[in-house]
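Let's take a friendly walk through this model together. Keep the viewer open, and turn to each residue as it comes up.

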Amino acid sequence: MYLYDIKELVECLAVVTTIIQFLSGTLVCKQYVSNRTTGEASPLPFTCGFFSCSIWLLYGLTKEDGNMILVNVVGVVFMVAYTIVFYLYTFKKSVVLRQAYITVGCCMFMIWYVNIEEDSEVLLNRLGLLACSLTLLTVASPMSKLLYVIRTRSTECLPFPIILMSFIVMSLWFFYGLIEEDMYLTIPNFIGASLALAQLSLFVIYPSKPTSPLLVKSLLA
């Protein structure tokens with residue numbers, strides 16, 4: 001099979017671009033620091049990203065997949081750092097704390113479950129299903145601001161670097177899943193890449209700044 005012949009290339013690109021994707025969050029955080037505020041941005045991309053990486057890490061450990069273990073260890077570290085930066089510059093600190101508490105609690109529960117589940121096949125399937133769901137939630141989380149984008153005709157609140165890298169990375173992991181014949185990688189990454197592409201289209205339709213400051217003020221009033 002042709003895809004199998006380029007397996008090592010796909011693996012390498014998937015790992016490298018995933019780490020670059022995590023680094024792209026620094027651009028978003030740099031903007032928060034520069035503006036001294038997170039504005040109307042949501043912490044969901046970071047908190048959901050942390051939980052998603054944690055579950056994929058458990059999945060990788062159960063499956064003994066070195067590539068998945070590596071990228072998700074890196075992902076967990078970066079998502080924690082980004083969440084801290086977001087907390088420092090947001091005026092919705094209670095929202096961030098609530099999401100953080102829930103996320104950490106869920107992670108602790110999953111670690112406990114992994115340690116008590118004796119059937120490795122059942123464990124792998126359940127972790128795979130949960131990881132699939134979280135991957136879709138992570139890439140779709142900026143869509144929570146879709147109505148705001150349409151009303152203000154501005155994509156200012158959407159994290160363009162993260163969305164762009166999500167499209168590239170998920171496309172690569174989709175091909176990696178085809179090679180590994182792993183539906184838990186193939187299905188969510190195909191859907192995720194499609195959702196990311198849909199979000200990128202918003203940047204073509206709407207500018208990165210509100211077309212009318214008065215319109216934004218009236219909407220937020």
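## A salt bridge across the chain

At 26% relative accessibility, Lys 63 counts as partly exposed. Here buried means under 20% relative accessible area, exposed over 50%, and partly exposed in between, with a 1.4 Å probe and protein chains only. The model is a predicted one, in which local features need pLDDT of at least 70 and side-chain atom pairs count only at pLDDT 80 or more, while totals for chains, interfaces and linings use all residues. Residues are numbered from 1 along each chain as its sequence is written, and side-chain values use heavy atoms, with hydrogens and water left out.

The partner of Lys 63 is Asp 182: the two form a salt bridge, with the closest N and O atoms 2.6 Å apart. Asp 182 lies in the loop between helix H8 (160-180) and H9, and Lys 63 in helix H3 (residues 44-63), so the pair ties together parts that are 119 residues apart in sequence. Asp 182 is buried, at a relative accessible area of 6%.

How many salt bridges does the structure hold? There are two, where a salt bridge is a side-chain nitrogen of Lys or Arg within 4 Å of a carboxyl oxygen of Asp or Glu. The other entry in the table joins Glu 117 and Arg 126. Glu 117 is partly exposed, with a relative accessible area of 22%, and Arg 126 is also partly exposed, at 47%.

| Salt bridge | N to O distance |
|---|---|
| Asp 182 with Lys 63 | 2.6 Å |
| Glu 117 with Arg 126 | 3.7 Å |

## The chain as a whole

The secondary structure comes to ten helices and zero strands. Helices (H or I, at least four residues) and strands (E, at least two) are DSSP runs, numbered from the N terminus. Of the 221 residues in the chain, 44% are buried. Among contacts with a separation of 6 or more, 78% come from residues 24 or more positions apart; a contact means heavy atoms within 4.5 Å.

The accessible surface is about 11,700 Å², and 69% of that belongs to carbon and sulfur atoms. Accessible areas come from the Shrake-Rupley method with a 1.4 Å probe, and for residues only the protein chains shown count as cover.

Helix H2 spans residues 7-35 and includes Lys 30. Thr 17 lies in helix H2 too, and this residue is buried, with a relative accessible area of 13%. Not counting residues up to four places away in sequence, Thr 17 touches Met 165, Ile 168, Val 169 and Leu 172. Thr 17 and Leu 172 are 155 residues apart in sequence, yet 8.6 Å apart in space, C-alpha to C-alpha.

Lys 30 is exposed, at 63% relative accessible area.

## Aromatic rings

A pair of aromatic rings is described by the distance of the centres and the angle of the planes. Rings of Phe, Tyr and Trp (its six-membered ring) pair if their centres lie within 6.5 Å; planes under 30 degrees apart count as stacked, over 60 as edge-to-face and the rest as tilted. By this rule the count is ten aromatic pairs. One of them is Tyr 32 with Phe 86, an edge-to-face pair at 5.5 Å centre to centre and 85° between the planes. This pair links distant parts of the chain, with Tyr 32 in helix H2 and Phe 86 in helix H4 (residues 66-89), 54 residues apart.

Are these two residues, Tyr 32 and Phe 86, buried or exposed? Tyr 32 counts as buried at 9% relative accessibility, and Phe 86 counts as buried at 1%.

## Two loop residues

Arg 36 is found in the loop between H2 and H3, and its phi is near 65°, a positive value in a residue other than glycine. Arg 36 is exposed, with 60% relative accessible area. Glu 64, in the loop between H3 and H4, has a positive phi as well, near 60°. At 70% relative accessibility, Glu 64 counts as exposed.
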